[in-house]
Amino acid sequence: MPELPEVEVTRLSLVERLRGAEVRAVRMGKPLRWPLGCDPAQLVGRRVGDVTRRGKYLWFGLGPREPEAAGGLLVHLGMSGSLNFTAAAAAPGPWDHFDLATDRGLLRLTDPRRFGAVVWSSAPHEGAAGRLLAGLGVEPLEPGFDGALLHERLRGRRVAIKQALLAGDIVVGVGNIYASEALFRAGIDPRTAGARIGRARCERLAVAIREVLARAVELGGSTLRDFRDAHGMDGAFQREAQVYGRAGLPCLGCGAPVRRLVQGQRSTFFCGRCQRR
């Protein structure tokens, strides 16, 4: 599933190429998770503004077209989606569900499982977009996310810390791979109840989350199966993973076998010796 690093990598690969582009045509494929929310013809003639990110969502601002006001498209990649931007795209395949043709090229959403979405709203905080973004936690790569905030948000949380991180209401976009990696760096057992993690360990965890996510963005995200950036390039972070996907292999810190367990139907990888409850 594309997480914050993959979505940020996608944004970075698109923002300069799309800013100022004029929409020439829109093609809708099979229905996605939610309806578009407008007549596709209303998008034609608009110009793309900035491309921003909130958690795992991308917002493509679209300038006004008389008599319609400005608005934008909120895009989610779902479990297996990717965006590709090309000067001349091939004919759409069965997994290509949305095309935004511009005077600079074609932006295409490909999503084999169709859990992705493209939703029109008048602003990110209004309409369908506002409802989807409401309740998201703090951005981990922006000012304001630190150990003190994490400790405050974990107060009273009896759920395991790994699941608390994945929930998205404390900190947004950490994701399964990155939660396992950050907890390993911070030396925290993923089964530890959130409320049991003190201030000092919360600070270590906040630092680890920022470092892991920043490194993942630098390496183009993680490609385990489907993810590609808008240039069609794979991510490489999975090659540096210290625990994720390494069950039974020696821990890079102490040499003990890396363990795997299932939490909330997601695989968790950790070292029982280096990570303490």
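How much of the accessible surface of the protein chain belongs to carbon and sulfur atoms? In this predicted model, the accessible surface of the protein chain comes to about 12,400 Å², and 51% of that area belongs to carbon and sulfur atoms.

## Overall architecture

The protein chain is built from six helices and ten strands. Its radius of gyration is 20 Å, close to the 19 Å that the globule rule gives for 277 residues, so the chain is as compact as a globular protein of that length. Along the principal axes, the C-alpha trace spans about 60 × 35 × 30 Å.

Of the 277 residues in the protein chain, 51% are buried. When contacts between residues at least 6 apart in sequence are considered, 65% of them join residues at least 24 apart.

## Charges and salt bridges

The protein chain carries 41 positive and 28 negative side chains, and the centres of these two sets lie 9 Å apart. A search of the whole structure finds 20 salt bridges, among them the pairs described below.

One of these salt bridges joins R19 to D50, with the closest N and O atoms 2.9 Å apart. The pair links distant parts of the chain, 31 residues apart, since R19 sits in the loop between α1 (4-18) and β1 (23-28) whereas D50 belongs to strand β2 (residues 48-54). R19 counts as partly exposed at 34% relative accessibility, and D50 is likewise partly exposed, with a relative accessible area of 38%.

## A bridge between strands β6 and β1

D99 forms a salt bridge with R27, in which the closest N and O atoms are 2.9 Å apart. Because D99 lies in strand β6 (residues 96-102) and R27 in strand β1, the pair ties together parts that are 72 residues apart in sequence. D99 counts as buried, at 5% relative accessibility, whereas R27, at 25%, counts as partly exposed.

R53 and E139 form a salt bridge whose closest N and O atoms are 2.8 Å apart. Here strand β2, which holds R53, is linked to the loop between α2 (127-133) and α3 (147-154), which holds E139, and the two residues are 86 residues apart. R53 counts as buried because its relative accessibility is 14%, which lies under the 20% cut-off, and E139 is also buried, with a relative accessible area of 6%.

Terms used
Residues are numbered from 1 along each chain as its sequence is written. This is a predicted model: local features need pLDDT of at least 70, side-chain atom pairs count only at pLDDT 80 or more; totals for chains, interfaces and linings use all residues. Side-chain values use heavy atoms; hydrogens and water are left out. A salt bridge is a side-chain nitrogen of Lys or Arg within 4 Å of a carboxyl oxygen of Asp or Glu. Helices (H or I, at least four residues) and strands (E, at least two) are DSSP runs, numbered from the N terminus. Buried means under 20% relative accessible area, exposed over 50%, partly exposed in between (1.4 Å probe, protein chains only). The radius of gyration is taken over C-alpha atoms; the globule rule is 2.2 Å times the number of residues to the power 0.38. Contact means heavy atoms within 4.5 Å. Accessible areas come from the Shrake-Rupley method with a 1.4 Å probe; for residues, only the protein chains shown count as cover. Lys and Arg count as positive and Asp and Glu as negative; His and the chain ends are not counted. The place of a charge is taken as NZ of Lys, CZ of Arg, CG of Asp or CD of Glu.
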